[in-house]
Amino acid sequence: MIEKVESNFIKTYRLQQSLEALERVRGEISEEAYERLKALIYYRLYGEEFERSKIDEKIALAFSMGSDSTASLLILKWAGFDVVPVMVKLPQMKDVVFFRARSYGAVFVEVPAYMEVINSQIQKRAPICGKCHSIIMDAVKEHAREEGIKIVASGDLLSVGSISIYKEGDLINLNFPAFLALDKREVIKVLGEKYTLGFGCSLWKHATKSAPILKRFGIQRVLRELRAGAIDEEIAKTLIKDILKN
């Protein structure tokens, strides 16, 4: 499912940071969840096998059917966690996405004011991806609170190990791919199927027609992911070409 990092110095360092971050929240999660997350890190660092029987710890996962959140779901389930994929229903999503999400056991939540907020961003020619992500995570966290779920996970590749898991108010945020120092190629490999790389959703692509500056923000995001090691040069070029062709 996931592989040992071998002699990759940067990933090893990030995983060690993740261990330190995990220690800081140890008293905030069940001991069983702590031990299983620690075992995942040791599996990545040293290839140490661990018990993967189901544990009584629910994790609410922000789920979009994209590669990062889908890989996070598969790995967490493989590791024995009781994962609740939470999909925020966005107007740009096609019915086929909802249909496929149901096959993963997704629950759906809505954000009635979503388009008002996004349209305001577009009119200001301001980045929309970060705002969209914030709206989604707030909705997932609210669902977690309603269901009494303590840990909220996302498919965030970017954050470093030191902030890959942390306490925020009454919840624990877990940026799962970052916690395991996974990069985009590893994520795609977990999916076990052909994956077509592209940047942005249909709403973002439509928005670039009235606010072309959004393309610049998109390229900056790709370069940020490249600097962070989340993607490699080949993937970065593919994504930038996709941005420029729209």
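A disulfide is taken here as a pair of cysteine sulfur atoms within 2.5 Å. By that criterion, a search of the whole structure finds zero disulfides. The model is a predicted one, in which local features need pLDDT of at least 70 and side-chain atom pairs count only at pLDDT 80 or more, while totals for chains, interfaces and linings use all residues. Residues are numbered from 1 along each chain as its sequence is written, and side-chain values use heavy atoms, with hydrogens and water left out.

**Cysteines**

The sulfur of Cys132 lies 6.4 Å from the closest cysteine sulfur, which belongs to Cys201, and this is too far for a bond. Cys201 is accordingly in no disulfide. Burial is judged by relative accessible area: buried means under 20%, exposed over 50%, and partly exposed in between, with a 1.4 Å probe and protein chains only. Cys132 has a relative accessible area of 14% and is therefore buried. Cys201, at 33% relative accessibility, counts as partly exposed.

**Overall form**

The chain contains 11 helices and six strands. These elements are DSSP runs numbered from the N terminus, with helices being H or I of at least four residues and strands E of at least two. The radius of gyration of the chain is 18 Å, close to the 18 Å that the globule rule gives for 246 residues, so the chain is as compact as a globular protein of that length. That radius is taken over C-alpha atoms, and the rule is 2.2 Å times the number of residues to the power 0.38. Along the principal axes, the C-alpha atoms fill a box of roughly 50 × 40 × 30 Å.

Of the 246 residues, 49% count as buried. The chain exposes about 12500 Å², and carbon and sulfur atoms supply 51% of this area. Accessible areas come from the Shrake-Rupley method with a 1.4 Å probe; for residues, only the protein chains shown count as cover. Contact means heavy atoms within 4.5 Å. Among contacts in the chain with a separation of 6 or more, residues 24 or more positions apart account for 62%.

**The sheet**

The six strands form an open sheet with mixed pairing, in the order β3-β2-β1-β4-β6-β5. Its edge strands are β3 (107–110) and β5 (165–168), each of which pairs on one side only. Neighbouring strands of the sheet are turned by 30 degrees against each other on average, direction ignored. The angles use axes that are lines fitted to C-alpha atoms, for helices over the stretch in contact, and run from 0 to 180 degrees between N-to-C directions.

Two strands pair if DSSP finds at least two bridges between them. β1 and β2 pair in the parallel sense over five bridges, and Ala62 stands opposite Val86 in β2. Strand β2 (residues 82–89) also runs parallel to β3, to which four bridges join it. There, Lys89 stands opposite Glu110 in β3. As for cover, four of the five residues of β1 are buried.

Most residues other than glycine have a negative phi.

Which helices do the buried residues of α8 pack against? They pack against α1 (9–24), α2 (31–46), α3 and α11 (233–245). Helix α8 is mostly covered, with six of its eight residues buried. Those six are Lys184, Glu186, Val187, Ile188, Val190 and Leu191, a list that includes Lys184 and Glu186.

Thr208 is located in helix α9 (residues 202–210). With a relative accessibility of 3%, Thr208 counts as buried. Leaving aside neighbours within four places in sequence, Thr208 is in contact with Leu214 and Lys215. Thr208 and Asn119 are 89 residues apart in sequence, and their C-alpha atoms are 12 Å apart in space.
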